[in-house]
Amino acid sequence: MSDFSIIGKPIAMVDAAGKTTGAGKYTDDLSVAGMLYGKILHSPHPHARIVRVDTSRAAKLPGVVAVVTGKDAPNPYGILPVGHDERAMALDKVRYVGDNVACVAAETEFIAEQALELIDVEYEVLPAYFDPEESMKAQSDFIHDNKPQNIEKDYHHVFGDPDKAFTEADYVAEARFIAQEVTHAAMEPHSTLASFEIDSQTGKPGRLTVWSSTQVPYYLQHKLSLVLEMPMSQIRVIKPLVGGGFGGKSEVIPLEIIAAVAARAAQKPVKITYTREEVFLAHRGRPRTIVDLKTGVKNDGSITAVKARVIQDGGAYCSYGVVTILYSGALLGALYDIPNIQYDGYRVLTNKPVCGAMRGHGTVNVRFAFESQLDEIALQLKMDSAEIRRRNLLKAPCITVNGLRVQSYGLPECIAQVVTRSQWNERKGKLPKSRGLGIACSHYVSGAANSIIRSDMPHSTVNIKIDRDGGIVVYTGASDIGQGSDTMVAQIAAEVLGCSMARVKVIAADTDLTPIDIGSYSSRVTFMNGNATLRAAQDVKKQIATAAARKMDCTLDDLIFRDDVVVNKRAPVAATPANGSQPTVVHAEASVSGRVEGQILRGSLQQKRKDEGPKARLSFEEAVVAAIDFHGALSGTGSYAPPPEARGGKHKGAGVGPSPAYSYSAQVAEVSVDEETGEVTVHKVWASHDCGRALNPTSVEGQIIGSVWMGMGQALTEEMVWKDGLLMNPGLLEYRSPSSVESPVVEAIIVESVDPEGPFGAKEASEGSLAATIPAIANAIYDAVGIRLRESPFTPERVLSALRAKKKQKHINLTEGVDPTAPTTFREHGGSLCFKGKGPERHALDPARREAQVATGGAD
Amino acid sequence: MSLPEFKLLRPRTVREAVDLLAQHSGNVRVLAGGTDLVPSMRQKLFEPQYVVDIRHISVLNGISPLRDGAVEIGALTSLTAIERSPYLRQHYSVLSEAAGTVASPVLRNMGTIGGNICLDTRCLWYNQSLQWRKSCGFCIKKDGDLCHVAPGGTKCWAAFSGDTPPALLCLNADIEIVSAAAIRRVALGEFYTGDGVAYRKLQSGELVTRVFLPAASADYRGVYRKLRVRGSIDYPLAGVAVVLKRANGHIADARVALTAVNPAPLLVTGATAALLGNVLDEALAEAVGDMAAKTAKPLTTSALTPEYRREMIRVFTKRALLAAAN
Ligand SMILES: Cc1cc2nc3c(=O)[nH]c(=O)nc-3n(C[C@H](O)[C@H](O)[C@H](O)COP(=O)(O)OP(=O)(O)OC[C@H]3O[C@@H](n4cnc5c(N)ncnc54)[C@H](O)[C@@H]3O)c2cc1C
């Protein structure tokens with residue numbers, strides 16, 4: 001099966017040249033005639049009722065064309081059908097610092113910013129909730145009236161008999177783990193350009209075109225239709241190049257709706273590009289998660305039961321929250337063989353920016369807890385920590401206790417690979433002082449078997465059109481966000497049709513042109529859109545083959561499509577040169593651009609002419625011409641819907657977790673710890689990933705390295721720091737993603753388990769590796785210096801304080817209590833809520849100054 | 001975030017520059033590399049009507065060794081030039097080393113030594129956008145009258161976070177300050193006030209033109225140690241510069257200076273006396289580390305907790321001394 005000509009080759013990304021030369025266009029690079037710039041007014045309060053919004057002063061500023069507020073588009077929306085709790089802009093309440101209140105569309109960005117300062121909003125401040133465990137105790141002033149106790153959703157699952165299994169266990173470990181909040185920090189800030197055409201009949205705004213940096217053009221089209229009350233067919237969403245998403249663009253982000261609302265009011269195109277601070281406020285990242293985890297094992301290391309209680313600090317709106325909390329429970333299964341599981345998950349609302357989906361959606365923080373605890377257990381049992389993982393492998397193919405169907409299962413090989421390559425057995429425990437090795441595993445879905453919109457519609461559809469000269473156009477809804485889906489689609493089409501990459505052109509993610517694909521999230525694109533592409537290509541191939549077989553007087557099975565030639569494999573090899581006298585045979589290596597129209601016409605004539613005898617081979621163009629002459633236009637279509645067997649169990653919430661296939665990963669990290677400063681250095685990570693089949697190994701390696709690097713960021717340095725709902729580090733200087741200096745050597749190891757349902761056996765490759773990195777580093781730190789870190793990120797101060805505690809040395813205070821008078825919340829001593837001081841140079845925008853002016857009857 | 005509107009002035013000579021500064025005094029800012037000023041202007045921390053771009057005053061650029069062994073460095077000299085200068089690396093290595101830790105290579109190409117000396121003090125409650133600062137009710141350093149870091153206090157604790165000034169303090173550097181009316185030369189130690197708001201003694205009409213390193217400071221062993229979370233880009237969360245000279249195995253002279261843990265870069269008083277005439281061993285290095293930790297008054301102006309940062313001043317001072325002595 002490894003006899004491929006395009007698949008499995010390190011082919012350059014089809015959009016690489018544009019991206020590397022700067023010629024490629026991202027949304028913010030676009031502009032259209034008459035375009036205005038939009039700027040959004042955000043709430044300065046974490047929780048407040050809007051008493052009054054007065055935009056009249058802003059509207060009068062020269063250069064301002066429109067000012068819109070929540071009233072201009074009051075329909076609610078949300079990515080999940082159960083979570084329609086967002087609005088374009090706030091109607092009655094703001095729920096986090098940064099919530100959207102109004103938007104100005106003006107001739108320049110500068111004027112728009114000036115105008116924001118002229119919008120008067122009167123707020124009635126409400127008590128706010130910042131800690132999920134506190135928020136759950138709320139008795140009044142709920143963040144959403146229909147969510148008592150501020151609980152967005154809770155689930156309670158029991159599979160097997162965990163209570164009994166715990167009593168039968170020889171050893172039970174129990175601990176609380178906390179993972180602090182992180183965000184995607186994609187390079188490209190969100191940007192949207194919305195433009196209405198004037199309807200020729202009515203003279204009013206008619207069709208809408210939206211260019212947006214999105215992972216989900218189809219959902220955007222759908223939500224725009226809800227909010228703007230327009231049919232979807234009147235809305236065209238185009239995704240230009242996207243500079244990374246990681247989940248942060250996998251739902252409708254406020255600016256996408258707001259730009260359209262503003263464009264409608266202004267009757268002019270409006271572009272909004274977020275500042276980096278706004279990107280942090282739009283967020284949708286990984287929630288702060290509290291995991292209370294209990295694992296029972298037998299003395300032989302086999303796990304008898306797992307119990308997890310998970311609380312996620314979800315922020316002010318639902319977003320993907322219900323899915324996140326379900327993934328956290330469901331993905332306790334399908335990695336190891338765990339016969340009994342109890343899961344209690346709480347998704348809690350707080351007055352902070354909204355958490356959503358982020359690379360490794362739902363699994364990462366629980367995996368950190370689980371793999372750390374497994375390491376502690378191995379230590380207790382005096383068992384090698386790679387061995388305890390081997391003792392708990394699934395017996396695939398199987399269906400897990402929580403209803404997940406596992407078919408291909410490369411985890412054993414993943415573990416074997418990292419153990420061998422890192423020389424685990426030889427080096428573990430024998431490294432110099434303060435240096436250590438740690439191992440951990442993880443897995444992820446290759447797309448959700450049940451789509452969030454709960455319909456029977458295929459999750460992906462792809463159309464292919466082939467022109468007379470053999471040029472192939474693939475129309476796919478797949479959204480390339482940098483992960484390489486356009487290249488994947490081109491490779492699959494080229495492989496199936498046996499032609500060179502140069503023939504294939506991909507038209508992607510334009511809702512007017514491309515059939516529906518539900519988007520780039522949950523690592524579904526290669527599996528689902530790849531399968532749809534495969535089927536579409538097979539569909540056209542069959543049409544070509546039928547014509548070719550007729551011409552070559554053979555059966556379809558006799559034909560081989562490869563290297564731009566269609567060959568009858570039964571024809572004697574010597575027959576080929578006999579046709580050499582025909583000048584129309586385009587040699588396999590001929591460049592596509594070298595062909596001229598005359599050849600095609602001649603080919604067509606020859607096709608019509610009664611042949612002297614059957615041919616042994618046809619060039620791809622000849623075969624295409626034959627098919628077009630025979631069928632008329634040559635096009636094919638293919639779609640993919642996950643099979644019913646993969647769709648999971650029947651319990652409440654069973655829809656989330658099932659996938660047609662799971663990827664697997666194992667990692668070994670080598671770290672050293674500076675025992676005097678607590679600084680951790682990651683020297684090397686061996687990361688193996690079972691992606692089924694690597695359609696493009698360079699691309700897969702890139703994803704593995706990126707996952708490890710992003711996981712390392714969460715493990716060591718990245719953390720959103722909050723003070724009363726105010727994000728203290730809303731920028732890339734203070735939110736510390738690792739730089740190239742900290743990047744360890746990553747040895748990416750591809751494991752191919754060849755999935756029975758994946759396209760050419762391929763599965764997910766871009767998310768599954770991330771979750772293993774954090775516990776691998778935690779376990780390596782333990783190996784190095786003997787401290788168990790249960791709170792991420794493992795910043796130098798957390799590491800040092802744990803080291804000091806272990807050595808019973810001087811305690812390091814990790815709270816801010818250096819100043820004994822420091823209050824626990826800043827709003828008690830200051831902040832706009834009780835800003836009563838009388839500073840010498842009070843800012844014009846200081847609310848206290850405005851109050852003073854009102855009191856003295858002053859106005860401007 | 002757009003820049004506020006301002007008028008850009010581009011003098012070619014120092015004279016022209018100081019005349020412009022005098023003319024628009026109170027409503028003008030000097031722009032050198034712009035790596036600190038421009039982001040701050042976007043955040044509306046400064047909204048001057050005039051910006052005097054001094055980058056075209058070529059006499060302010062360059063490193064000139066003098067005949068007596070001293071060195072003059074023009075205020076516009078880039079940090080990259082200082083980091084790479086073979087002369088400085090040989091004779092004033094602590095400065096090159098400190099310059100090489102600033103920000104990232106790109107920012108060092110743009111950033112100047114003058115800008116690094118004049119660098120604004122920093123605080124998490126201050127270096128934020130206008131929208132952000134509005135949400136917290138502003139702070140004592142800008143537009144408000146209270147401090148979120150030391151509540152109830154009337155002093156601003158924003159931390160001076162430049163990397164080269166502690167090295168320059170160790171080298172007993174002077175700076176030249178020019179105004180339309182006069183030229184003065186001050187010891188760098190006298191330049192900073194210790195207050196987070198009025199952090200430097202520089203009038204609106206004044207320009208820093210040159211840095212002098214005395215010949216007597218040449219050829220010390222020097223080490224700079226910087227606490228940061230990432231190995232690049234990050235400002236110091238604590239920084240220690242050390243120079244020392246030995247004679248017959250004993251310390252003949254030494255100085256220790258700190259950055260990023262007070263509103264001014266500071267020499268550790270008492271360190272020189274403690275070290276002088278002694279043989280540097282672990283215990284002595286540790287004792288001086290303790291002195292440095294007492295000099296440091298970190299607060300919650302930056303990432304990592306104050307207590308940790310003070311601990312690191314202790315550790316880094318010890319390590320820097322031991323490294324310099326080896
Ligand atoms: C992401 C980032 C990371 C950074 N990290 C660090 C770091 O790690 N360490 C560090 O030290 N700095 C850091 N900086 C700050 C800055 O890059 C450097 O301090 C640089 O040396 C500033 O020099 P400049 O010429 O760009 O200053 P400018 O921005 O031009 O000026 C800075 C200030 O000094 C004034 N000024 C400049 N020159 C003169 C002069 N000759 N006379 C009078 N006043 C003058 C300006 O008016 C302004 O107030 C960082 C900046 C950024 C954006």
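**Fold of chain B and aromatic pairs**

Chain B contains 13 helices and twelve strands, counted as DSSP runs (helices H or I, at least four residues; strands E, at least two) and numbered from the N terminus. Its radius of gyration is 19 Å, close to the 20 Å of the globule rule for 326 residues, so chain B is as compact as a globular protein of that length. This radius is taken over C-alpha atoms, and the rule is 2.2 Å times the number of residues to the power 0.38. The model is predicted: local features need pLDDT of at least 70, side-chain atom pairs count only at pLDDT 80 or more, and totals for chains, interfaces and linings use all residues. Residues are numbered from 1 along each chain as its sequence is written, chains are lettered from A and ligands numbered from 1 in the order in which they are written, and side-chain values use heavy atoms, without hydrogens and water.

The C-alpha atoms of chain B fill a box of roughly 60 × 50 × 35 Å along the principal axes. Of its 326 residues, 63% are buried (under 20% relative accessible area, 1.4 Å probe, protein chains only).

Over all chains, the whole structure holds 15 aromatic pairs (ring centres of Phe, Tyr or the six-membered ring of Trp within 6.5 Å). A:Phe527 and A:Tyr640 pair edge-to-face, at 5.9 Å centre to centre and 75° between the planes; edge-to-face means planes over 60 degrees apart. A:Phe527 lies in helix H15 (residues 525–552) of chain A and A:Tyr640 in strand E25 (residues 634–640) of chain A, so the pair ties together parts 113 residues apart in sequence. Both A:Phe527 and A:Tyr640 are buried.

How values were computed
Buried < 20%, exposed > 50% of the residue type's maximum accessible area, 1.4 Å probe, protein only. Phe/Tyr/Trp six-rings, centres within 6.5 Å; stacked < 30°, edge-to-face > 60°.
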